[in-house]
Amino acid sequence: MKLSLSRCRWPLVACLSSALLLGCAGPQVAKEATAESIKDRGVVVVSVTHDAETGRRASAVFVVDQQAKTMETRVLRSVEQVMGIPKGSDFEEERGRVYVLDVEPGVHSVDSWQSAGESVRIAPRNAPAPLRFEVKAGEVVYIGNLNLNHTTGRNLFGMSVIAGALPEVRDRRELDLAIAERKVPSIQGRVQVRLLPLGPWSDGAVERQVEAVPPAMLVRPVKP
């Protein structure tokens, strides 16, 4: 995997990282929802995962409708947090979440991705082609699994570090839909499978940014 460490690009990557991480997944379909209550809305089932070997060192972030002017931007993560505390995974062998999204009917797209770690951000060097999909009012659509595979390297101290990442789209309907139907029972038997293009979704060239300790952590304590 080709890594570009050009410093002139880092500020841009940092700005994008901060903007993406401030977003959220947006409205999800409530467990008690009925077919009648969502008849005028679109429902999208999608899972977001990252390789188990990476563990807590990094997580996958995918952004939906970032470029749309009339749609709400959604930021989907393989690891969600509540008050800074990571939620458990929906899967046993991978870290990830299954989302049942309440969306406006119409054409949507998965526009970008990044790997988010405690001190390293990895984003595509070249903007990938949007992955577009459509959902009509009253439809429940499964578009697939968005997975992020990480590669590792060694730093100057010989420690293993995250060196790169590559996103892919997979078909995991049996596993994902079983979880989605437990979260929202009313969609059982109503899901249409309309997968995004399967396989790698990037040319492999990435920007890798090592983030410094936040300035607030460097402030000296005031003497009593």
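These legends walk through several close-up views of a predicted model. Local features are given only where pLDDT is at least 70 and side-chain atom pairs only at pLDDT 80 or more, while totals for chains, interfaces and linings use all residues. Residues are numbered from 1 along each chain as its sequence is written, and side-chain values use heavy atoms, leaving out hydrogens and water.

**View 1. The largest nonpolar core has 29 residues.** A nonpolar core here is a set of buried Ala, Val, Leu, Ile, Met, Phe, Trp, Tyr and Cys residues joined through side-chain atoms within 4.5 Å. Buried means under 20% relative accessible area, exposed means over 50%, and partly exposed is in between (1.4 Å probe, protein chains only). Look for Phe 62, Leu 76, Val 110, Trp 113, Leu 146 and Leu 196, the residues with the most contacts inside this core. Among the elements that give it two or more residues are β2 (42–50), β3 (58–64), β8 (106–117) and β11 (140–154). Strands (E, at least two residues) and helices (H or I, at least four) are DSSP runs, numbered from the N terminus. Elsewhere, a second, separate core of 16 residues includes Val 29, Val 140, Ala 180 and Val 184.

**View 2. Leu 76 and its neighbours.** Leaving aside residues up to four places away in sequence, Leu 76 touches Ala 25, Val 46, Val 48, Ala 60, Val 61, Phe 62, Val 64, Tyr 99 and Leu 101. Contact means heavy atoms within 4.5 Å.

**View 3. Phe 62 and Trp 201 form a stacked aromatic pair.** The structure holds one such pair, with ring centres 6.4 Å apart and 25° between the planes. Rings of Phe, Tyr and Trp (its six-membered ring) pair if their centres lie within 6.5 Å; planes under 30 degrees apart count as stacked, over 60 as edge-to-face and the rest as tilted. Phe 62 sits in strand β3 and Trp 201 in the loop between β14 and β15 (206–210), so the pair ties together parts that are 139 residues apart in sequence. Phe 62 is buried at 1% relative accessibility, and Trp 201 is buried at 7%.

**View 4. Arg 172 forms a salt bridge with Glu 94.** A salt bridge is a side-chain nitrogen of Lys or Arg within 4 Å of a carboxyl oxygen of Asp or Glu, and by this rule the count comes to ten. The closest N and O atoms of Arg 172 and Glu 94 are 2.4 Å apart. The pair links distant parts of the chain, 78 residues apart: Arg 172 is in the loop between β12 and α2 (173–183), and Glu 94 is in the loop between β6 (85–86) and β7. Both residues are buried.

**View 5. Arg 194 meets Glu 139 in a salt bridge.** Their N to O distance is 2.8 Å. Arg 194 lies in the loop between β13 (191–193) and β14 (199–200), and Glu 139 in the loop between β10 and β11, 55 residues apart. Arg 194 is partly exposed at 31% relative accessibility, whereas Glu 139 is buried at 15%.

**View 6. A nonpolar patch on the surface holds Leu 156, Phe 157 and Met 159.** Together they have about 460 Å² of accessible area, from the Shrake-Rupley method with a 1.4 Å probe, where only the protein chains shown count as cover for residues. Patches are made of residues with over 30% relative accessible area and no salt bridge; like charges are joined within 9 Å, and nonpolar side chains (Val, Leu, Ile, Met, Phe, Trp, Tyr) within 5 Å. Phe 157 lies in the loop between β11 and β12 and is exposed, with a relative accessible area of 74%.
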